[in-house]
Amino acid sequence: MSEISSWLACHLPEGDKHGTYGGTGSRVIHGDYRLDNIIFSQPKEGDMSHAYRVLAVLDWELSSTGDITTDVAHAMLPYHLPPVGLLRTLSLRPETPSPALLEHHANTPSAEGIPCQQSFLQHYYQTRNTLMHTTLSAPSPSDWVFYLVLALFRSASILCGVYARAIQGNAAQKSQAIEVSEMIPVIARTALLLSHAVSYPPMSLSHGVEDHPRALRTDNKEMKTLRTSSNHVSHLSDLSIRCRDTLQTLREFIQKDVLPVERVLLEHYSTAQGRWPNRGDRWTLHPILNELCNKARLRGLWNLWMPSHLCSHLQHTHKHWDWSSIMPHYSPGVQKNSVDISNQGKEIETKTEREMNEKLCAFTNLEYAHLAIATGFALWTAESLNCSAPDTGNMEILGRFGTPAQRERWLLPLLMGQTRSCFAMTEPEVASSDPTQLMAEACEVEGGWRVTGRKWWTSGACDPRCDCCLFIGRTGAINDPPHSRHSLFVFPLSSAGVTVEEPLTVFGYDDAPHGHPEVRFKEVRISSDSLIGEKGRGFLYAQTRLAPGRLHHCCRLIGHGERALQEAVARGSSRKAFGKTLIELGGNSERLAVVKIALQQARLAVLNAAAELDKLPGIGAELSDDAIEALSVAKVAAPQAVTLCLDLAIQLHGGEGLTSRTPLAAMFAATRALRLVDGADEVHIRSVMKLQKKESMMLIGPRPYKNLHSKL
């Protein structure tokens with residue numbers, strides 16, 4: 001609220017100084033529109049206009065002095081207030097954050113006769129100029145944003161007063177007053193986001209500022225950065241307002257829906273009975289997980305991981321799919337218009353705007369990185385959003401390289417959350433950090449392929465919904481190039497000859513009901529259309545999967561680190577020993593600061609890797625050296641930093657930190673495992689070393705001090 005107040009003081013409308021909007025400073029504009037709050041005078045004798053004049057305005061908290069445009073902006077608020085909590089009855093925005101629905105609702109008169117915003121504003125200025133014999137024009141883009149922010153600020157200020165009276169015991173209905181006050185941060189945040197959109201044209205606000213392609217431009221250099229809810233300072237050009245809106249919704253989902261059941265699920269899967277292959281309660285999906293998925297979809301938090309270029313590709317090839325269910329936040333094939341009242345309401349659209357609008361339909365890697373960090377704050381969040389491994393990577397492979405028939409058979413059910421998948425690559429007989437050594441075979445036979453081999457750490461294969469298996473097998477001869485010997489296949493996990501054996505554990509955690517089992521493939525016959533893409537390109541396709549997969553893993557780990565620090569502070573501040581709180585003992589305060597620094601460094605490395613992935617041209621593009629290096633740096637830095645955070649949190653919790661009463665032990669196991677998963681630390685360190693040597697050789701040439709050394 002303080003920031004909004006300062007912004008308003010620095011952005012007073014320029015146009016009203018000259019009476020452009022009718023602002024002579026002689027009127028009082030009231031926001032309540034109630035006659036019983038206004039005292040009128042009788043018309044003076046001889047006054048041919050029979051005009052009643054305002055003598056006084058009661059209930060001043062709803063009043064402001066200035067020009068008439070404040071009332072116009074106040075009337076526009078329902079088009080911009082988010083449908084959250086008690087604001088649902090006021091908001092004209094739809095439940096879903098879909099840009100297409102926002103556009104449709106704003107530009108189409110409702111069944112109740114409420115005009116769209118475009119018609120409202122056009123009619124207002126035309127009618128007023130006709131009746132009042134004036135030539136008022138609509139405000140400039142920056143001025144219009146000022147009026148909207150002022151209207152929101154005034155509404156939030158009113159609710160602040162209501163809340164203050166409630167906590168002082170002066171409210172008639174205290175519980176309702178406190179409930180209403182919960183909308184203060186929502187309204188204030190909406191105003192704050194609008195304040196960063198000073199280049200926003202007034203009549204193109206029809207689909208909400210979050211989705212406008214120019215909403216992030218600003219003429220105020222001090223407003224170039226904004227502290228997001230993930231506590232990381234990002235450039236506005238890197239993180240869209242729509243992403244922040246989704247991030248806020250996601251955090252609310254975690255706080256209200258995930259955290260309350262996290263401990264229930266932890267205790268259930270630590271005590272549930274069932275030894276594989278007998279499922280029992282342990283290897284059966286808990287009803288709470290289905291409930292979380294349904295709640296996430298209702299909030300529009302589903303398949304957030306899918307990047308823009310893959311969305312556009314799939315929408316073009318599968319237009320008949322129900323995209324509103326697959327990706328509630330994404331609206332394919334809809335070209336949004338920008339409308340300008342200065343052009344007499346004519347709709348104009350440029351190629352650049354169409355391209356920018358298409359990019360707004362899905363999140364960039366950098367934007368999703370912020371969302372993925374948030375999902376790591378609580379266990380089971382990523383799975384609730386259909387954004388968990390190994391499914392996201394498998395869906396990316398099928399979406400990029402699968403045939404239309406393969407996408408219909410395997411990808412669509414995964415996107416809808418109807419099934420789960422596994423990825424069979426790692427083998428127990430060889431060091432799988434060098435994948436050219438993989439020994440499982442896929443031999444071409446009449447009518448298809450015969451698969452034989454032994455895989456382990458096949459994550460997700462124990463899930464009762466899993467029936468989609470992606471398998472890497474050797475299809476080339478021993479003298480073929482090492483990285484062209486293997487191919488990638490997709491087939492049912494229930495195929496004859498497939499045996500899902502005992503799940504492996506990570507520090508005692510078996511991650512039921514998904515598991516990481518060993519799987520045997522014995523003379524498994526699969527059809528010829530099971531081959532994904534071209535023969536011998538399995539490693540290339542797998543690398544495409546691994547790059548974003550590594551990024552997503554690292555992002556979730558940063559969320560683990562944030563949770564660990566929060567738990568550490570809470571525990572260290574509430575427990576006492578030897579007359580002091582734990583945080584004050586043994587240098588714990590200094591340790592907390594050190595691990596926080598390490599976490600912030602890892603966060604920046606992760607966000608840098610996401611930005612490098614966004615530079616790639618699109619589907620099928622090979623990773624650049626910069627992207628490979630950035631991913632390797634993040635892959636090494638994130639687990640090491642988060643391990644420090646979790647270790648400190650566990651230490652402050654004492655024995656409880658080792659139990660399932662907190663998520664710390666489970667997070668620690670997952671974090672330590674990631675130093676091996678998707679490439680061991682040593683592999684990534686080696687990759688960084690090779691790229692650094694390559695870069696150095698290009699810059700300074702080989703052995704620049706050779707001659708100097710010989711002279712010395």
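This is a predicted model: local features need pLDDT of at least 70, side-chain atom pairs count only at pLDDT 80 or more; totals for chains, interfaces and linings use all residues.
Local features need pLDDT of at least 70 and side-chain atom pairs pLDDT 80 or more, while totals for chains, interfaces and linings use all residues. Residues are numbered from 1 along each chain as its sequence is written, and side-chain values use heavy atoms, without hydrogens or water.

Rings of Phe, Tyr and Trp (its six-membered ring) pair if their centres lie within 6.5 Å; planes under 30 degrees apart are stacked, over 60 edge-to-face, and the rest tilted. The count is ten aromatic pairs. Trp 276 and Trp 283 have ring centres 5.6 Å apart and planes at 75 degrees, so this pair is edge-to-face. Elsewhere, ring pairs join Phe 471, Phe 491 and Phe 521 in a cluster.

Charges also sit over rings (NZ of Lys or CZ of Arg within 6 Å of the ring centre and within 35 degrees of the ring normal). Arg 297 lies over the face of Trp 302, 4.3 Å from the ring centre. Arg 545 has its charged end over the ring of Phe 423, 4.1 Å from the centre.

Helices are DSSP runs (H or I, at least four residues), numbered from the N terminus. Helix 5 (residues 141-167) meets helix 6 (residues 174-181) through heavy atoms within 4.5 Å. Leu 159, Val 162, Tyr 163 and Ala 166 of helix 5 contact Lys 174, Ala 177, Ile 178, Val 180 and Ser 181 of helix 6.

Terms used. Axes are lines fitted to C-alpha atoms, for helices over the stretch in contact, and angles run from 0 to 180 degrees between N-to-C directions. Helices (H or I, at least four residues) and strands (E, at least two) are DSSP runs, numbered from the N terminus.
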